[in-house]
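Student: Could we go through this model together, starting with charged pairs and then moving on to the fold? I would like the cut-offs spelled out as we go.

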Amino acid sequence: MRREILLCRCEDVTDRDARLAIERGAASARDLKLRSRIGMGACQGRICQGTISDLLPERRDDLLSTRPPVRPVLFGDLLGGDEA
Amino acid sequence: MIGAGIVGAFAAFRLASLGHGVTVLERKEPGLEASGLNAGSLAVQNKPLPLVSLALAGTRLWQSFEEEAGRSTRYHRTGGLRVAHDRSGVERLLAARDDHRSLGLDIEHLSGEASREICPALGERVLAANWSPYDGHNDALTATGSVVAAAVDAGAEVVMRRTVLKLEARAEGVRVHTDDGVIDCRTAVVAAGLWTKVLCEPLGVKVPLRVRNNQMMVTAPAPPLLGILITHASGRLTLKQVAAGSILIGGGWPGDGDVAANTKRPNLASMVGNAAIALTIVPDLARLSVIRAWAGFDGRTGDELPLVGPVPGAPGVWMCTSCYGTYTLGPALADGLARWISSGERPETLDGFAPGERTVANEPTFVRPR
């Protein structure tokens with residue numbers, strides 16, 4: 001039951017998926033993200049960063065790097081961004 | 001095998017399947033550079049003409065790999081439309097259609113209207129498109145890992161987090177100096193992407209690779225919008241929707257970064273330029289949000305063709321560099337390389353691509369120092 005708990009709502013990553021990625025060698029927050037997709041979706045880890053730290057107690061200080069545009073941006077708004 | 005990108009992984013898979021003892025040395029983990037950071041397009045019709053046959057062979061190998069190895073790369077042969085939204089683009093498409101047909105490919109030139117029947121999301125500004133039944137995509141982030149796993153299944157040994165410092169070509173074989181000891185082997189293959197240049201320097205060989213930094217964007221999951229791969233007459237756009245619903249946007253727009261520090265990040269002007277073309281082709285994208293952009297390094301020669309074969313003056317050392325569309329061609333380059341190493345005979349598919357066989361424009365090719 002616990003294994004079906006959803007850890008990342010954006011990418012539908014369960015506790016089982018994340019732990020499997022760690023068993024297969026994911027050792028850092030970035031590894032875990034690339035192997036399980038946790039933290040890769042719309043929230044970019046804002047919701048699941050704490051969970052990621054709990055999964056990797058030895059790398060508790062690992063923060064997912066931010067990827068532009070940081071917050072979701074509509075395509076139309078991106079075109080206006082040229083003047084920014 | 002130095003490098004567990006798509007070329008190194010697939011060549012190791014092939015060589016091990018042919019019964020050779022293979023060790024793969026990877027300084028990080030499989031597919032963490034260009035092989036994993038691209039957008040997963042597997043298109044035949046958007047490649048330079050000298051690479052079209054290899055691109056077709058590459059997509060067929062990507063397709064057959066899943067059954068052969070029993071491992072998924074989330075490959076989908078969706079077919080693809082290469083679109084034009086101006087006169088020069090339409091002319092380019094007509095010429096490409098004729099060129100591709102002369103190679104025996106079944107490429108069709110369609111009006112804008114006929115293109116919209118295949119893909120209703122295409123906007124009114126799309127004037128024409130070429131249909132390729134061969135195009136598709138897979139999941140670049142996980143595919144190289146699947147190929148590495150298949151190489152291990154076939155008997156290859158894969159050593160991760162092992163950095164090769166220097167190669168030494170000796171009479172009795174190649175000595176590979178790593179950050180954790182020395183490995184002697186009969187044949188060493190450098191398939192290290194951009195870093196091939198650095199690894200070949202101590203051998204007295206200058207590999208004329210230019211740094212490219214290629215960026216991509218992805219949207220939040222969306223309802224079904226694109227069932228096929230979309231490419232662009234002048235190569236400035238790729239679009240595909242993956243199983244989870246996200247749409248990946250690429251097209252070779254340059255990111256920012258520092259090769260020495262291996263840091264890379266997307267460039268805002270490139271995001272805007274890429275988005276502008278994407279919206280011209282698929283106006284409905286305006287309703288979607290970009291959630292993430294990323295960039296990856298790649299190294300190509302000035303002519304964007306690969307260098308595959310024995311390294312001149314360094315017996316036992318072979319190389320395979322990146323080229324235009326390496327991700328699509330990779331399995332075909334690797335397959336040819338593996339058969340060449342195994343049999344001693346170069347497959348025809350690799351004719352003209354060996355190091356030292358051609359002069360690469362504006363860059364000295366294989367100048368030996370002293």
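**Salt bridges, fold and backbone**

Tutor: B:Arg162 forms a salt bridge with B:Asp180, with 3.6 Å between the closest N and O atoms; a salt bridge here is a side-chain nitrogen of Lys or Arg within 4 Å of a carboxyl oxygen of Asp or Glu. This is a predicted model, in which local features need pLDDT of at least 70 and side-chain atom pairs count only at pLDDT 80 or more, while totals for chains, interfaces and linings use all residues. Side-chain values use heavy atoms, with hydrogens and water left out, residues are numbered from 1 along each chain as its sequence is written, and chains are lettered from A and ligands numbered from 1 in the order in which they are written.

Student: Ok, and where do B:Arg162 and B:Asp180 sit in the chain?

Tutor: The pair links distant parts of the chain, 18 residues apart: B:Arg162 lies in the loop between strand S7 (157-160) and strand S8 (164-170) of chain B, and B:Asp180 in the loop between strand S9 (173-178) and strand S10 (181-185) of chain B. Helices (H or I, at least four residues) and strands (E, at least two) are DSSP runs, numbered from the N terminus.

Student: Is B:Asp180 buried or exposed?

Tutor: B:Asp180 counts as exposed at 53% relative accessibility, whereas B:Arg162 is buried, with a relative accessible area of 18%. Buried means under 20% relative accessible area, exposed over 50%, and partly exposed in between, with a 1.4 Å probe and protein chains only.

Student: Which residues are linked in a network of salt bridges?

Tutor: B:Arg14, B:Glu68, B:Asp335 and B:Arg339 are linked in that way. Of these residues, B:Asp335 has its place in helix H9 (residues 326-343) of chain B and counts as buried, at 11% relative accessibility.

Student: And what is B:Asp335 in contact with, leaving aside its neighbours within four places in sequence?

Tutor: With those neighbours left aside, B:Asp335 is in contact with B:Phe10, B:Arg14 and B:Leu61, where contact means heavy atoms within 4.5 Å. B:Val148 is buried, with a relative accessible area of 10%.

Student: Switching to the overall shape, how does the radius of gyration of chain B agree with a compact globule?

Tutor: With 370 residues, a compact globule would have a radius of gyration near 21 Å, and chain B agrees with this at 20 Å; the radius is taken over C-alpha atoms, and the globule rule is 2.2 Å times the number of residues to the power 0.38. Buried residues make up 59% of the 370 residues in chain B, and residues 24 or more positions apart account for 70% of its contacts with a separation of 6 or more.

Student: What is the strand order in the open sheet of three strands?

Tutor: The order is S11-S20-S19 in chain B, with mixed pairing, and two strands pair if DSSP finds at least two bridges between them. Strand S11 (188-190) and strand S19 (308-310) of chain B stand at the edges, each with a single partner strand, so one side of each is left without a neighbour in the sheet. Three bridges join S19(B) to strand S20 (residues 317-320) of chain B, and these strands run antiparallel.

Student: Last topic: which peptide bond is cis?

Tutor: The bond from A:Pro68 to A:Pro69 is cis, with omega near 5°, and A:Pro69 is found in the loop between helix H3 (49-55) and strand S3 (73-74) of chain A. A:Asp12, although not a glycine, has a positive phi of about 55°, and A:Asp12 is exposed, with a relative accessible area of 55%.
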